[in-house]
Amino acid sequence: MKNFKIIFNKSFLKIILLFLTFNLHSQTHYEKKFLRFFNAQSLAGKINAFDTLNNSYKINIYSLIKKDLEFIREKAIVDNQPEIIDKLTKIAGEIYFLNKNYSKAIPLFTNLLESNKIKNYKDSAAILFYLKNSYFHIHSLNKAIEIHRILMTLKVRHSDIDEWKFHPKLSVIYYEMKLYKECLKQQLLEYDEINQADHSHMMLGYFNNRGLFWQKYGQLDSAMMCFNKAKEIFYTNHAGKPIKESEEFTLGLIEGNIGQLYIELKDYKKAIPLLKKDVISSTYAKDYLNAAISEIELAKCYLNLNQLNLSKNYLDSANQKLLTVEDCNPKLKILKQYAEYYDKAGSYRVSIDYYNKYISYKDSVDQKVNLKELISSQVASQVEEKENLIRTSQKNIKEKNAEVSKQKTIKNALLFCGLVLIIVIVFVLVQLKKTDTRKQLLEIRNKQIETRNEIIDKSLLEKDLLIKEVHHRVKNNLQIISSLLKLQSSKSTNEEVRNSLGDAHDRINSMALLHQLLYRNNQMTSILFNDYLSGLIDQISNSFSLINKNIRIDYKMVELELDLDTAIPLGLITNELVSNAYKHAFHGKEGIITIELSKLVKNTYQLKIADNGNGLPANFDLNGMDSLGLDIVCILSEQINAELKIYNNDGAHFDIVFKLG
């Protein structure tokens, strides 16, 4: 899948372009001018001067005035000026954020907010913006959502807060969480905000992004409609005006997204010209990553159209562009595309080498991703623990203040009541001490419970990662075995051996596909069988597409979640029956293979696989057939206690009726 890009507000893009046009001389001149102004200010004035700087200058200028700020902090501590100390803490957090050191920025911003040290609502909004984006970048998305809602509450009271402080929008956070349904709902609310504010220039980005969200949700028709709407807005905004070369990049992104949609629809000829435009506009804008991704997609299109030379040319061009890119995903993608190219070109050994490189590199990337997620969760956990500690400290301070007030009252009462009240006071003090002792014991026990819960949570997380890794390893090993079988098949001259190896290759692929889906999903022990069956059918169809081009597959399936013990046998049964239909049912003629997954009654389902071909022999006897494939079907049906029905009805029909325990 292509790394799609979200189009942002035009004014934001203009600011970036304006900044990029500054040359080194002008920036140096600006820094010198600022330093002269900075040195002429008081201590508080120096801090305010730096605080008003654009973020694009802050990192460079901070290195020039770092010693001055440290001196100001030391003097503020000596003079007991907490407001200056808090502003310097805010500046330190911003520098950590701009240097992408989010784990150090988060505690500073959190402490400022928790201790109510920031009184200016605009400063509070800025800190919330930095805090939200820090959590967003470490992928602690639930925390980012929580802070976004606080920001929106602040906006209700102060409508003049800058719009950029609310980015990324809530819909983008849901998108990163892969909650595409919630993402689409939230984006509708954001549309109302844009409409009410009459931000017509933001509509283009809105419809492009909505197209991406619909595509992720699996609604390709809706996605196409949104992308075309984005194009329509683009041309409307430029009606009667020449389109600048710099603006071609935005149009190229939209057309590249449409091209990717055509690839999903397997309409490669329509996808090619759109992807070429995206490559040209991205190259002009020096976005070599996006250009390389589109070239990989072009290579995929030409490979499916059997134009191998063009496919190889685009792969080599993309590979050159990726030499200077750090993103792992396109590098993984191009390794896999090279493997598929050499496989189709008949260079199976080279293909296997690329598959092995792909698997090795993917293992390395997965380890880094898992490590990053683990570190992010630890950072979020530490911040949460610190927040709880701050709240507990504030509570203890209030309790101590209340206790002091109470003791003063008691002392005043002692002056009036004399010796009689002394006895009462002693009794109260004893009871208070007992209460404090019980409270301390209770706090210790609560702490022990919290520690145990943390250990259990970490253990469950490690178990989930381990199970996921097992599925990943199983899938990789099955793919290697599949590739070895294919290589062995290509070396054999015995047709019967080649057919047997091919059948084994297909069976292994059906199991590998299941483990691949389990690895992608959050659930480790069950799978949406209809999704798995769709992928398996496409896989079988692609393997026979060159031999039997006139055969069409129609399928209709209900949504069904199955455990592995049921899904694997049903997948192998489907592989055998559909493969047999391709091989024996039509003999080169046109035909249709029908696959239906339906619910009969409660907990009872039927998998029907039929064709309109030559049908079974008139004297067909299952027990007398010398067919490994049908033997496998019978054995697997018995394994899951399914009822197998085989009959002729304008072609061969196989009904497998099974129950869920």
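Among contacts in the chain between residues at least 6 apart in sequence, 65% join residues at least 24 apart. The model is a predicted one, and its chain has 661 residues, of which 40% count as buried. Its secondary structure comes to 23 helices and seven strands. The points below cover helix packing, aromatic pairs, charges over rings, and selected loop and helix residues.

**Helix packing: α7 and α8**

- Two packed helices are described by the angle between their axes and the distance between the axes.
- For helix α7 (residues 121-137) and helix α8 (residues 141-157), the angle is about 160° and the axes are 8 Å apart.
- Because angles over 145 degrees count as roughly antiparallel, α7 is roughly antiparallel to α8.
- The crossing of these two helices, α7 and α8, is left-handed.
- On the α7 side, the residues that meet α8 are Y121, S124, A125, L128, F129, L131, K132, Y135 and F136.
- On the α8 side, the residues that meet α7 are L141, K143, A144, I147, H148, I150, L151 and L154.

**Helix packing: α14 and α15**

- The axes of helix α14 (residues 268-284) and α15 cross at roughly 160° and come within 8 Å.
- This crossing angle makes α14 roughly antiparallel to α15.
- Helix α14 passes α15 in a left-handed crossing.
- From α14, the contact is made by Y268, A271, I272, L275, K276, D278, V279, S282 and T283.
- From α15, the contact is made by Y288, N290, A291, S294, E295, E297, L298, C301, Y302 and N304.

**Aromatic pairs and a cluster**

- Rings pair if their centres lie within 6.5 Å, and by this rule the count comes to 17 aromatic pairs.
- The rings of Y342 and Y354 have centres 5.5 Å apart and planes at 15°, so this pair is stacked.
- Y342 lies in helix α17 (residues 328-345) and Y354 in helix α18 (residues 348-417), twelve residues apart.
- Both members of this pair, Y342 and Y354, are buried.
- The rings of Y605 and F658 have centres 6.1 Å apart and planes at 20°, so they too are stacked.
- Y605 belongs to strand β5 (residues 604-611) and F658 to strand β7 (residues 652-659), so the pair ties together parts that are 53 residues apart in sequence.
- Y605 counts as buried because its relative accessibility is 10%, under the 20% cut-off.
- F658 counts as buried because its relative accessibility is 1%.
- One aromatic cluster is formed by F97, Y102, F109, F129 and Y130; F129 is also among the α7 residues that meet α8.

**Charges over rings**

- The charged end of K229 sits over the ring of F207, at 5.9 Å from the ring centre.
- K357 lies over the face of Y354, 4.8 Å from the ring centre; Y354 is also a member of the stacked pair with Y342.

**Loop residues with positive phi**

- Most residues other than glycine have a negative phi.
- K100 is not a glycine, yet its phi is positive, at about 65°.
- K100 lies in the loop between α5 (82-98) and α6 (102-114).
- With a relative accessible area of 64%, K100 is exposed.
- N306 likewise is not a glycine and has a positive phi, at about 60°.
- The loop that holds N306 is the one between α15 (288-304) and α16 (308-321).
- With a relative accessible area of 46%, N306 is partly exposed.

- L113 is found in helix α6.
- Its relative accessible area of 25% makes L113 partly exposed.
- L113 and I127 are 14 residues apart in sequence, and their C-alpha atoms are 8.1 Å apart in space.
- Leaving aside neighbours within four places in sequence, L113 is in contact with I127, L128 and L131.
- Of these contact partners, L128 and L131 are also among the α7 residues that meet α8.

Notes: Residues are numbered from 1 along each chain as its sequence is written. This is a predicted model: local features need pLDDT of at least 70, side-chain atom pairs count only at pLDDT 80 or more; totals for chains, interfaces and linings use all residues. Side-chain values use heavy atoms; hydrogens and water are left out. Rings of Phe, Tyr and Trp (its six-membered ring) pair if their centres lie within 6.5 Å; planes under 30 degrees apart count as stacked, over 60 as edge-to-face and the rest as tilted. Helices (H or I, at least four residues) and strands (E, at least two) are DSSP runs, numbered from the N terminus. Buried means under 20% relative accessible area, exposed over 50%, partly exposed in between (1.4 Å probe, protein chains only). A charge sits over a ring if NZ of Lys or CZ of Arg is within 6 Å of the ring centre and within 35 degrees of the ring normal. Axes are lines fitted to C-alpha atoms, for helices over the stretch in contact, and angles run from 0 to 180 degrees between N-to-C directions. Angles under 35 degrees count as roughly parallel, over 145 as roughly antiparallel, 65 to 115 as roughly perpendicular and the rest as oblique. A crossing is left-handed if the near helix is turned anticlockwise from the far one by less than a right angle, and right-handed if clockwise. Contact means heavy atoms within 4.5 Å.
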